[in-house]
Amino acid sequence: MKTLFADKSFAALIALCAAAVIVIALFGGTSLLTPYMVNAIGQLAAFAILAVSLDLIWGYLGILSLGHGLFFAIGGYVAAMHLLKHSYEVTGIVPDFMQFMGWKEFPLYWAGLSNFPYALLLALGVTAIVAFVFGYVSFRSKVGGVYFAIISQALVYVAMLLMFRNDTGFGGNNGMTGFSLVFGWPVGQAGTLIGMAVVSIVVLIAVLIGCRLLVTSRTGRMMVAARDDEVRLRSLGYGTLWLKLAIWCLSAVIAAIAGILYVPQVGIINPRVLSPELSLEIAVWVAVGGRGYLTGAVIGALAVNALKFWLSAAAPEVWPFILSGLVVLIVLVFPNGLLDLAGLKWKPRLLSSMGGAK
Amino acid sequence: MIRPLILGWLFAVAVATGASAQSPGRAELIAGLCGNAAATGDAGNRILASAGQPDAAELPWMETVTSALLDRQLKCAADPGQTVVDGGGAVRNAVTLEPASAPDQPKVPVLNLKNRAVFELAQSALRLRVGATPSVRRQALTALGRKAASVPVEVFEQAAAGESDAGLKAEIESTAQISALNSPDIAKRIAAVERLASTPNRRVQTQIAALLADPAYKSDQKFRLAVDAALIKVGQGILLGDVLSTLYNGLSFASILFMAAIGLSVIFGLMGVINLAQGELIMIGAYVTWLTQEALKSIAPGLADYYLFIAVVPAFLVTAGIGVLLEATILRHLYKRPLMSLLATWAISLFLINLVRVSFGTQNLQFLTPFYISGGVPVVGDFIVTWNRLFAIAFAAITLALTWFVVNRTGLGLNIRAVTQNRDMAGCIGIPTRKIDMMAFGLGSGLAGLAGLSLSPIYNVNPQMGGNFIIDSFMVVVLGGVGTIGGTLVAALGVGQVNVLIEPLWGAVAAKVIVLFLIIAFLQWRPEGLFTAKGRRR
């Protein structure tokens with residue numbers, strides 16, 4: 001416990017999350033905290049988890065993935081399939097995309113998805129397999145740095161093209177929507193929204209604590225060493241392939257969990273989550289908040305998304321300019337993100353400096 | 001069918017034998033036109049048949065009376081010699097076309113549907129022979145083409161022989177072949193089949209395949225053999241055409257990819273920076289091309305057609321200038337942090353897209369299609385060398401040559417290569433590495449602008465267009481290896497060809513998926529790409 005909460009900003013973040021859970025549980029649905037706001041907080045929590053997943057490999061292992069939207073989307077799509085199948089079995093409403101394609105029956109690979117444990121296992125399993133295969137072929141041939149970023153971006157782009165097709169049984173370009181029930185509760189109801197938001201924040205707390213334990217462990221030190229000088233680590237006799245592969249798969253699975261939490265709250269999934277822009281935005285959240293700090297990733301996700309929620313409603317024309325200006329500013333002036341700005345720089349005693357991150 | 005032909009022949013002979021014969025022939029024909037329905041029909045068929053005679057002297061007269069009949073301007077008198085053509089502001093004797101006075105109580109013949117069709121055909125046939133302008137003749141040919149089977153082959157043969165417009169002549173010949181296919185003379189049909197087979201394409205294939213159901217195919221062995229042989233020949237021609245066409249499309253796609261990737265590759269090789277804004281520099285190159293075109297339209301309309309050549313300089317300079325500016329203000333600070341430079345260049349691309357969107361709107365730009373890139377030359381089968389794609393290919397080839405020259409034969413290129421191989425050592429021997437970086441970034445950006453110029457006649461130009469090329473061109477750079485022109489060329493050709501080879505089989509999406517997996521698999525074997533720059537890298 002002592003190492004876990006040794007970092008004050010981390011402890012504060014966990015406390016804040018716990019407080020959010022209590023506040024939502026107590027006041028959610030009242031005029032003080034409308035269901036809309038609860039829902040927004042829940043979505044932000046899902047984005048925060050996604051940001052933490054990218055920070056884990058980028059901030060601590062130096063591997064930038066511009067394709068993390070892929071894993072987020074796998075989780076999201078399986079969650080959507082589960083919700084549709086579940087809704088269909090209870091209400092008998094045939095999903096839109098099947099009516100659109102004129103299909104009478106669910107495709108074969110939809111079998112059993114109304115069972116949540118199976119759906120969860122499938123989402124995480126598929127994510128882990130995809131991440132493993134892609135990670136193995138990349139890390140084995142020492143594809144890293146910019147190459148890896150570009151190929152992961154191409155991967156998510158190709159996945160987007162694939163999902164835009166209507167005959168794949170995943171909803172095509174319209175995606176999947178019209179979920180009516182989550183575990184038997186009606187989706188739009190305040191109680192359900194509060195439940196989903198609370199679950200998202202609790203999962204965020206769990207992910208944060210788990211990642212914190214990981215990065216302060218011996219493995220965490222190995223990760224930072226591999227990030228700062230992989231060649232030296234290898235010459236000292238440590239293999240980096242399986243270390244990188246394991247963290248990569250873990251990161252992908254966390255991203256999938258974020259997707260699973262995100263889709264029921266937002267009520268729709270379509271191939272746009274696979275667009276290279278979204279995956280790049282995840283990297284922007286992390287960079288804005290502060291790479292290599294779990295707290296930074298969460299703060300970045302919250303700050304950028306809050307700004308986006310606000311500006312894309314208030315001044316949609318200006319938002320892209322603000323975003324690009326923000327990124328250039330962060331990259332040039334505050335390479336460690338908002339944490340630099342706030343002076344909350346977390347100085348790890350055993351870990352080397354962050355400046356060498358590639 | 002036979003009688004009118006014979007009559008027509010007799011008439012033709014009569015006309016051909018001498019000018020003195022013309023008046024009795026004309027009077028006889030006028031009598032037919034003014035006679036009952038059967039006589040009118042006979043006369044129509046005679047006119048149609050004579051439209052194919054070699055001597056064109058009598059045809060303008062026939063055209064006049066036929067048109068007069070169709071327009072109900074032929075006014076018949078009891079004596080054919082008194083019949084007049086009353087139209088075009090004058091009354092003329094129908095036989096001599098001299099001015100005359102209208103007869104008392106003229107009869108205006110009315111054509112029945114069957115005869116009207118015959119006369120319309122005859123009119124088109126006559127106009128094809130003696131129409132005053134190519135457009136009149138072309139119109140007549142279109143009308144005839146619909147009923148090519150009922151037109152005597154000689155009409156087309158004679159018309160083709162006398163035609164001065166080369167394009168129209170080719171069209172007439174092609175229609176003539178279709179007509180000959182249905183000629184009653186089997187030898188002519190065989191000849192027509194063989195002639196058709198010499199220009200294989202899908203239309204010809206359908207035409208010849210239709211002959212399989214022809215009674216002559218069963219009854220006449222020679223005809224059957226000719227049709228079978230022609231089908232095989234046409235099939236081979238179409239296959240060859242398709243293969244060439246695929247290769248050509250692949251080459252043109254590859255040339256675009258090459259243009260998009262070469263700048264990326266130079267920058268990446270030198271600084272290890274992948275410029276995610278490269279697609280937007282392409283877009284800006286296309287916009288500068290458009291602006292040049294618009295400026296030429298208002299300043300020098302005569303030169304507007306040549307905007308693709310004139311825009312080369314501004315497209316290169318503007319994008320190169322943007323590149324230099326970006327390098328000097330932003331990327332300069334990020335060489336030690338290539339991953340951060342990804343984010344920065346992405347932000348720049350976002351900025352440029354939205355800047356262009358706000359200033360120009362999101363709609364596709366309208367480009368002129370100058371004469372030198374419109375149309376194409378049919379080569380074999382359905383393979384057409386289209387000028388717009390050839391332009392892109394030629395443009396890429398010239399760019400390749402110039403880039404190669406700059407990199408391998410100039411002082412700047414020497415310095416670029418030195419800094420690419422070993423930045424520190426190059427700095428130690430006095431090469432201004434920072435300045436070289438800036439100029440190379442400008443060069444790479446300018447090449448992207450040229451890519452935008454070369455693809456503007458082929459692709460849609462709008463603010464989002466950069467995204468369509470950028471991932472493909474990244475793949476080319478990753479596959480080709482850093483900073484080598486040869487690698488970029490080979491990779492672009494490979495990716496382009498594989499894309500167009502897979503596309504017809506499984507679709508465009510599958511092509512992208514397969515290309516990506518092929519590249520990932522390839523990197524297992526050569527992680528540094530096809531051609532690695534020689535030298536010590538980090």
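Biologist: Over which residues of chain B does pLDDT stay under 50?

Modeller: This is a predicted model, and in chain B the pLDDT stays under 50 over residues 13-23. For that stretch the model has 13 contacts beyond four places in sequence.

Biologist: Where in chain B is confidence lowest, and where is it highest?

Modeller: Confidence in chain B is lowest in helix 1 (residues 2-16), at a mean of 51. The highest value, 94, belongs to helix 15 (residues 312-329) of chain B.

Biologist: And what does chain B average?

Modeller: Chain B has an average pLDDT of 83, and 94% of the residues score at least 70. For the complex, the predictor gives an ipTM of 0.87 and a pTM of 0.76.

Biologist: Turning to the fold, how many helices and strands are there in chain B?

Modeller: Chain B contains 23 helices and five strands. Its radius of gyration is 34 Å, whereas the globule rule gives 24 Å for 538 residues, so chain B is more spread out than a compact globule.

Biologist: What does the C-alpha trace of chain B span along its principal axes?

Modeller: The trace spans about 110 × 60 × 35 Å.

Biologist: What percentage of the residues in chain B is buried?

Modeller: Of the 538 residues in chain B, 45% are buried. As for contacts in chain B between residues at least 6 apart in sequence, 71% of them join residues at least 24 apart.

Biologist: A last topic: what is the phi of B:Leu97?

Modeller: B:Leu97 has a positive phi of about 60°, although it is not a glycine. Most residues other than glycine have a negative phi. B:Leu97 lies in the loop between strand 3 (90-93) and helix 5 (113-130) of chain B.

Biologist: Why does B:Leu97 count as partly exposed?

Modeller: B:Leu97 counts as partly exposed because it has 16 C-beta neighbours inside 10 Å, while a buried residue needs 20 or more and an exposed one has 12 or fewer.

Biologist: Where is A:Lys142 placed?

Modeller: A:Lys142 is in the loop between helix 5 (116-140) and helix 6 (145-163) of chain A. The phi of A:Lys142 is positive, near 55°.

How values were computed: Residues numbered from 1 in each chain as written. Chains lettered and ligands numbered in written order. Predicted model: local features only at pLDDT ≥ 70, side-chain atom pairs only at ≥ 80, totals over all residues. Helix = DSSP H or I, 4+ residues; strand = E, 2+ residues; numbered from the N terminus. Rg over C-alpha atoms; globule rule 2.2 N^0.38 Å. Contact = placed C-beta atoms within 7 Å. pLDDT = per-residue confidence, 0-100.
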